[in-house]
Amino acid sequence: MYIIIIVTITIIEAMKELLCSSCDHPTSDMGYLSVRQEFPNISLGTVYRNLNLLADLGDAIKITSPNGGVHFDGRTAPHYHFYCNKCGKVLDLDLEELKCINDAAGKNFDGVIESHSMMFYGTCKDCMKKN
């Protein structure tokens, strides 16, 4: 019983470290390939469940990309993302939070706007170099 709990906590900590140390917003598959180096017997399902648990706990953000994939981000403070239409990468976009969008949206909405998320689309620098 204790061994299972310790291993689960260790796996969750390894996944949190992966998310906080990567800039590429890994998918479950990418997380699996990375965490499997430390935990060779881990399953993709375990990685998937733990990434979703981190998102449910507020320790990660789930980002659904236009191709249907789900990426995970360890940076939970409000920020924006960029999606590369060519390679499918999801990257952080360094842009000051646009709080005025909440106010503008709230003017035409019968309720309270508390936050927003925004995705920008285009071609990343790596794909531009390839062309």
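Trainee: Is H81 buried or exposed?

Mentor: A residue is called buried when its relative accessible area is under 20%, exposed when it is over 50%, and partly exposed in between, using a 1.4 Å probe and protein chains only. H81 has a relative accessible area of 6%, so it is buried. Please keep in mind that this is a predicted model, in which local features need pLDDT of at least 70 and side-chain atom pairs count only at pLDDT 80 or more, while totals for chains, interfaces and linings use all residues. Residues are numbered from 1 along each chain as its sequence is written, and side-chain values use heavy atoms, with hydrogens and water left out.

Trainee: In which element is H81 found?

Mentor: Helices (H or I, at least four residues) and strands (E, at least two) are DSSP runs, numbered from the N terminus. H81 is found in strand β3, and five of the five residues of this strand, residues 80-84, are buried, so β3 is largely enclosed by the rest of the structure.

Trainee: Which way do the residues of β3 point?

Mentor: In a regular strand the side chains alternate between the two faces of the sheet. Here Y80, F82 and C84 point one way from β3, whereas H81 and Y83 point the other way, and all are buried.

Trainee: Which strands pair with β3?

Mentor: Two strands pair if DSSP finds at least two bridges between them. β3 runs antiparallel to β4 (residues 90-93), with four bridges joining them, and it pairs with β5 (residues 119-122) in the parallel sense, again over four bridges.

Trainee: Which residues touch the most other members of the largest nonpolar core?

Mentor: A nonpolar core is a set of buried Ala, Val, Leu, Ile, Met, Phe, Trp, Tyr and Cys residues joined through side-chain atoms within 4.5 Å. The largest one has 15 residues, and M15 and I42 touch the most other members. The elements that give two or more residues to this core are α1 (2-21), α2 (28-35) and α3 (44-57), and α1 gives the most, with six residues. Leaving aside neighbours within four places in sequence, M15 is in contact with V35, V47, N50, L51 and L54.

Trainee: What does N102 touch in its surroundings?

Mentor: N102 is found in helix α4 (residues 100-107), and with a relative accessible area of 12% it is buried. Not counting residues up to four places away in sequence, N102 touches I113, E114, S115 and H116.

Trainee: How many helices and strands does the chain have?

Mentor: The chain has five helices and five strands, which run from the N terminus on as α-α-α-β-β-β-β-α-β-α. Of the 131 residues of the chain, 33% count as buried.

Key
Contact = heavy atoms within 4.5 Å.
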